[in-house]
Amino acid sequence: MPTKLIIAIVQDEDASRLIAELMNEGFSATKLATTGGFLRSGNTTLLVGVSEERFSVCLGIIEKICKSRRQVASSPVVMGGPSDHYMNYPIEVTVGSATVFVLSVEQFIKY
Ligand code: 2BA
């Protein structure tokens with residue numbers, strides 16, 4: 001019975017391996033195709049309902065599989081002057097291995 005909901009935002013490159021490992025270990029997961037607000041590029045959000053006892057196993061798998069990477073993003077800069085001119089310039093950011101939210105499950109119902 002899931003008592004916690006793990007919402008894990010991971011990089012697309014890690015998503016397939018992560019799902020495969022979670023399935024191997026008997027977890028159920030839902031994969032959502034999502035977009036990061038800052039880079040505006042695709043990432044993957046997984047919803048995983050887990051029991052109290054299996055919670056740390058799931059977190060351990062996420063930590064083991066997901067890797068942080070450097071990515072180049074294009075950031076708009078406002079130029080000076082009377083007109084509203086924008087110029088894009090590349091910036092490098094480190095995208096974390098996984099951003100994880102943990103929520104308590106109030107009810108779990110399957111019809
Ligand atoms: P993005 O929003 O595309 O962000 C990608 C990376 O860009 C971030 O990696 C961070 O290194 C950098 N970044 C994000 N916002 C920034 C800002 N305002 N100024 C400068 N750099 C910024 P992570 O922090 O590892 O985040 C990876 C992805 O996880 C994010 O993709 C977003 O989809 C999600 N995320 C991270 N924190 C979140 C939060 N508090 N709420 C919801 N989603 C979050």
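The side chains of Thr44 and Asp12 are joined by a polar contact of 2.7 Å. Thr44 sits in strand β3 and is buried, because its relative accessibility of 4% falls under the 20% cut-off. The model is predicted.

**Thr44**
- Not counting residues up to four places away in sequence, Thr44 touches Asp12, its polar partner, together with Ala8, Ile9, Val10, Ala15, Lys31, Leu32 and Thr34.
- One of these neighbours, Ile9, is also among the residues that surround the ligand.

**Ligand: polar distances and cover**
- A polar backbone atom of Phe38 is 2.8 Å from an oxygen atom of the ligand.
- In the side chain of Asn43, an N or O atom is 3.0 Å from an oxygen atom of the ligand.
- Thr99 has a polar side-chain atom 3.4 Å from an oxygen atom of the ligand.
- On its own the ligand has 750 Å² of accessible area, and the protein covers 52% of that.

**Ligand: make-up of the shell**
- β5 (86-95) and β6 (98-104) are the elements that give two or more residues to the shell around the ligand.
- The most is given by β5, with 3 residues.
- The residues around the ligand are Ile9, Gly36, Gly37, Phe38, Leu39, Asn43, Val93, Thr94, Val95, Gly96, Thr99 and Phe101.
- Sorted by class, the shell has 6 nonpolar residues, 6 polar residues and no charged ones.

**Largest nonpolar core**
- In soluble globular proteins, nonpolar side chains tend to be buried together.
- Here the largest nonpolar core has 16 residues, and Ile6, Leu18, Leu22, Val48 and Cys58 have the most contacts inside it.
- Two or more residues of this core come from each of β1 (4-10), α1, β3 (42-50) and α2 (55-65).
- α2 gives the most to this core, with 5 residues.
- Leaving aside neighbours within four places in sequence, Ile6 is in contact with Leu46, Leu47, Val48, Val50, Phe55, Cys58, Leu59, Ile62, Val100 and Phe101.
- Of these contacts of Ile6, Phe101 also belongs to the surroundings of the ligand.

**Asp14**
- Asp14 is placed in helix α1 (residues 12-24).
- Asp14 counts as buried because its relative accessible area is 5%, and the cut-off is under 20%.
- Its contacts, leaving aside neighbours within four places in sequence, are Ile65, Cys66, Lys67 and Arg69.

Technical notes: Residues numbered from 1 in each chain as written. Predicted model: local features only at pLDDT ≥ 70, side-chain atom pairs only at ≥ 80, totals over all residues. Heavy atoms only, no water. Near = heavy atom within 4 Å. Polar contact = N/O pair within 3.5 Å; in protein donor to acceptor, adjacent residues only side chain to side chain. Areas by Shrake-Rupley, 256 points an atom, 1.4 Å probe, with all protein chains shown as cover. Helix = DSSP H or I, 4+ residues; strand = E, 2+ residues; numbered from the N terminus. Nonpolar A, V, L, I, M, F, W, Y, C, P; charged D, E, K, R; others polar. Buried < 20%, exposed > 50% of the residue type's maximum accessible area, 1.4 Å probe, protein only. Contact = heavy atoms within 4.5 Å. Core = buried A, V, L, I, M, F, W, Y, C linked by side-chain atoms within 4.5 Å.
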